[in-house]
Amino acid sequence: MMEIIQLIGGSGIIMIPSGLDFGSGMNKYLSTYLKGTDWKAQDKTALFRLAWELSSNGFGGRQMLYERFFFGDQTTVTNRLYSGYPDKEKYMELIKPFLS
């Protein structure tokens with residue numbers, strides 16, 4: 001369950017602003033850039049804080065998440081590797097007989 005929460009939350013779990021951040025001059029930026037489609041920034045932040053509490057700990061948890069998502073989420077990394085691989089069409093043709 002912890003890993004599922006980490007994968008769904010992605011790198012958003014790593015850096016979570018505090019309530020004091022929303023009371024500072026950063027509030028206008030946080031409210032703009034952290035809001036969701038139907039979520040206010042403070043509500044979305046509270047949800048990410050809950051995800052952090054359920055899936056990580058202060059001792060090494062942040063480092064583990066950082067290392068997992070340093071290059072992006074798994075889908076982004078996979079797409080980047082696939083797009084940058086030379087001669088992929090040639091190798092895809094070699095693999096197709098094994099998949100059918």
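Start by selecting helix 1 and helix 4: the two are roughly antiparallel to each other, a label given to angles over 145 degrees. You are looking at a predicted model, in which local features need pLDDT of at least 70, side-chain atom pairs count only at pLDDT 80 or more, and totals for chains, interfaces and linings use all residues. Residues are numbered from 1 along each chain as its sequence is written, and side-chain values use heavy atoms, with hydrogens and water left out.

**Stop 1: helix 1 against helix 4**

To find the pair, pick residues 2–9 for helix 1 and residues 41–55 for helix 4. Helices here are DSSP runs of H or I with at least four residues, numbered from the N terminus. The two axes come within 9 Å and cross at roughly 150°; axes are lines fitted to C-alpha atoms over the stretch in contact, and angles run from 0 to 180 degrees between N-to-C directions. Helix 1 passes helix 4 in a left-handed crossing, meaning that the near helix is turned anticlockwise from the far one by less than a right angle.

Now show side chains. On helix 1, M2, I5, Q6 and G9 make the contact, and on helix 4 their partners are F48, A51, L54 and S55. Contact means heavy atoms within 4.5 Å. Sorted by class, this contact of helix 1 with helix 4 holds five nonpolar, three polar and no charged residues. Nonpolar covers Ala, Val, Leu, Ile, Met, Phe, Trp, Tyr, Cys and Pro; charged covers Asp, Glu, Lys and Arg; the others, Gly among them, are polar.

**Stop 2: helix 1 against helix 5**

Select E3, Q6 and L7 of helix 1 with M64, L65, R68 and F69 of helix 5 to see the contact. The contact of helix 1 with helix 5 has four nonpolar, one polar and two charged residues.

**Stop 3: the whole chain**

Zoom out and colour by secondary structure: the protein chain has seven helices and zero strands. Along its principal axes, the C-alpha trace spans about 60 × 30 × 20 Å. Finally, colour by burial: of the 100 residues of the protein chain, 20% count as buried, that is, under 20% relative accessible area with a 1.4 Å probe, protein chains only.

Note on methods:
Angles under 35 degrees count as roughly parallel, over 145 as roughly antiparallel, 65 to 115 as roughly perpendicular and the rest as oblique. Buried means under 20% relative accessible area, exposed over 50%, partly exposed in between (1.4 Å probe, protein chains only).
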